[in-house]
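My entries follow the order in which I looked things up.

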Amino acid sequence: MALKRLAMITQEADGWQVPDWRRLQADLITDVAALCEALDLRPEQIPGGVDADSDFPLRVPRRYLSRIEPGNPDDPLLRQVLASAREREPVPGYGPDPLEEAAHTPVPGLLHKYHGRALLVVTGACAVHCRYCFRRHFPYQTHLSGGRWKQALDWLRAHPDIREVILSGGDPLTLSNERLAGLLEELAAIPHLDRLRFHTRTPVVIPERLDDGLLALLDTPRWRVTLVLHANHPREIDPALSERCRALARAGVTLLNQAVLLAGVNDRVETLAGLSDALHDAGVLPYYLHQLDAVAGAAHFAVPDPRAFALHRALRARLPGFLVPRLAREEPGESGKTVLKG
Ligand code: SF4
């Protein structure tokens, strides 16, 4: 109900009281100097230095800035979004396609790795650029050019063994509700599909994206819908996000979270426990805690396995089992994620 009221205020006040998510998504910082200035920092204060000219450009919605501590060059949220000079250091074992996704692309725009599931690359756009992103070198142009989605939809129609379609990208929730509605209509006409999953970080940086229009789209008996959030730190779960997640849960959407274990961001047991607690309060279950994919430019975020195992053991000792995410790694060629036992 509160969510409905919020949407009404947005319309009635022509956006100035509560801007809608599209305005928030467009209100961006894309420049290292501007980001430092907004947070009362000097670039030379950033450990390891900054990269003002990265091939993977800086992209931070101002909506996210309110959760970053001004004047703190070590802020864990800042680390996830500020382009670091360390990203240019070549590290053996780290490459452009760490999960060998190019080998699992039967047609452009679709990845098929696991039994019964297929992933649609619905867009190359993201609301935020995460410096650890395993698709930071992904050839989106190859996947999204020409007859957008058509080949992928044809492939799904021809594969009755696929029951679950995963909308990914990029971030599927950067698309408008109208575009999503068009895509869901085409998917709904494929009778063997019954599970629909979204992987998204957009609501973490812009909670307003979980608006009434999206709720209406997902509140349908046609699909069993799962939304997998990508939040990495308890401070990313603010009251606005919690409120909207609970509204989604009331609409029958299963809510899970996938985090990445990131050095200097969430590699402390207090932080991981705080994340699980905050997610639970929002009605979201912590599902996976991923070891970093070995993508070029992100090696400085890696947490060695022995430390990851120790953290996970400490988390298990502290929380009930249903709040302990599975520690996992994705390995090229495997038939599913590898759950790590520490
Ligand atoms: S939102 Fe997801 S796909 Fe986009 S940059 Fe971040 S991690 Fe990568």
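I started with Cys133, which I found in the loop between strand 4 and helix 6. Helices (H or I, at least four residues) and strands (E, at least two) are DSSP runs, numbered from the N terminus. This is a predicted model: local features need pLDDT of at least 70, side-chain atom pairs count only at pLDDT 80 or more, and totals for chains, interfaces and linings use all residues. Residues are numbered from 1 along each chain as its sequence is written.

Is Cys133 buried or exposed? Cys133 is buried, because 20 other C-beta atoms lie within 10 Å. The cut-offs are 20 or more other C-beta atoms within 10 Å for buried, 12 or fewer for exposed, and partly exposed in between, with C-beta atoms placed from the backbone.

Next I checked Cys130. Cys130 sits in the loop between strand 4 and helix 6 (140-144). Cys130 is buried because it has 22 C-beta neighbours inside 10 Å. Leaving aside neighbours within four places in sequence, I found Cys130 in contact (C-beta atoms, placed from the backbone, within 7 Å) with Gln80, Val81 and Arg201.

I then looked at the annotation. The unreviewed UniProt entry has a "binding site" that covers Cys126, Cys130 and Cys133. UniProt positions are given in the numbering used here, feature names are shortened, and annotations may be inferred rather than shown by experiment.

Domains came next. The assignment, automatic or from a database, gives domain 1 (2-88) and domain 2 (101-339). Their centres, taken over C-alpha atoms, are 21 Å apart. I noted 26 residues of domain 1 in contact with 27 residues of domain 2. On the domain 1 side, helix 1 (2-12), helix 2 (21-26), strand 2 (60-61), helix 4 (62-65) and helix 5 (76-81) each supply at least two residues. Helix 5 gives the most to that side, with five residues.

Which residues have the most contacts inside the largest nonpolar core? They are Leu82, Leu120, Val128, Tyr132, Val165 and Leu292, in a core of 83 residues. Such a core is a set of buried Ala, Val, Leu, Ile, Met, Phe, Trp, Tyr and Cys residues joined through C-beta atoms within 7 Å. Domain 1 and domain 2 each give at least three residues to this core. Not counting residues up to four places away in sequence, Leu120 touches Gly109, Leu110, Ala152, Val165, Ile166, Leu167 and Ser168.

Nine strands form an open sheet in the order 3-4-5-6-7-8-9-10-11, with mixed pairing. Two strands pair if DSSP finds at least two bridges between them. Strand 3 (110-111) and strand 11 (338-339) stand at the edges with a single partner strand each, so one side of each has no neighbour in the sheet.

Strand 4 (residues 117-121) runs parallel to strand 5 (residues 164-168), joined by five bridges. Val121 has Ser168 as its bridge partner in strand 5. Four bridges join strand 5 to strand 6 (residues 195-200), also parallel. There Leu167 partners Phe198.

Last, I checked the backbone. The peptide bond from Gly169 to Gly170 is cis, with omega near 20°. Gly170 lies in the loop between strand 5 and helix 8.

Methods. Two residues are in contact if their C-beta atoms, placed from the backbone, lie within 7 Å.
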